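Colleague: I have a model open and would like some practice in reading it. Could you take me through a few features, with the general idea before each case?

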Amino acid sequence: MAIGKYFTVMVATAIKFFNGPIAGLLLELTWWETAVCTILGMMLTVISVLVIGTSVRSLIQKYRKTPAKLFSRRTRFAVKLWKRVGIWGISCFTPLFFTPIGGTLLALSFRVSVLRILVTMTIFAVFWGITLTYALFQLSTLQALFLHK
């Protein structure tokens, strides 16, 4: 059943972006089916985090007993990254280095508008989804890493 395969690729993408193309290859989907499911998986995750993220943030702040640390290794890294690359860089690096959940939460933490997050994440989900899927499906060396035929 193809719907189950599509769903599997989308869930794999939600966990880590590159898992989507690998799952599509292993499930023997075509490269374009895999690319579309990878893009949809990332964007469904981004939308879910955007909807749930703001509610969760206010809930955490409401019940937090001590204020959050302002300066930690993680916050310093996030601020440094934000100053260097902004929302476009975070959106570009999300499929490669962050998970779709992590990249969206990072963008939300800098109070970027929901529309801007959606637009930039969609652009890079389409770009990296097509690029990585096509590369994986066309390069036999990469396929040899994942398929044992």
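This is a predicted model: local features need pLDDT of at least 70, side-chain atom pairs count only at pLDDT 80 or more; totals for chains, interfaces and linings use all residues.

Colleague: How many helices and strands does the protein chain have?

Modeller: Helices (H or I, at least four residues) and strands (E, at least two) are DSSP runs, numbered from the N terminus. Here the protein chain has seven helices and zero strands. Its C-alpha trace spans about 55 × 30 × 25 Å along the principal axes.

Colleague: What share of the contacts links residues 24 or more positions apart?

Modeller: A contact means heavy atoms within 4.5 Å. Of the contacts in the protein chain with a separation of 6 or more, 73% are between residues 24 or more positions apart.

Colleague: And how do I read the length of helix α6?

Modeller: Start from the expected span, which is 1.5 Å times one less than the number of residues. Helix α6 covers residues 114–138, and its 35 Å from first C-alpha to last is close to the 36 Å expected.

Colleague: Which residues of α6 are buried?

Modeller: Buried means under 20% relative accessible area, exposed over 50%, and partly exposed in between (1.4 Å probe, protein chains only). An α-helix has 3.6 residues a turn, so residues three or four places apart point the same way. The buried residues of α6 include Ile-117, Thr-120, Met-121, Phe-124, Ala-125 and Trp-128. Over the chain, buried residues make up 38% of the 149 residues.

Colleague: How many aromatic pairs does the structure hold?

Modeller: Rings of Phe, Tyr and Trp (its six-membered ring) pair if their centres lie within 6.5 Å; planes under 30 degrees apart count as stacked, over 60 as edge-to-face and the rest as tilted. The structure holds five aromatic pairs. One of them joins Trp-31 and Tyr-134 edge-to-face, at 5.1 Å centre to centre and 75 degrees between the planes. Trp-31 lies in helix α3 and Tyr-134 in helix α6, so this pair ties together parts 103 residues apart in sequence.

Colleague: Is Tyr-134 buried or partly exposed?

Modeller: Tyr-134 counts as partly exposed, at 42% relative accessibility.

Technical notes: Residues are numbered from 1 along each chain as its sequence is written. Side-chain values use heavy atoms; hydrogens and water are left out.
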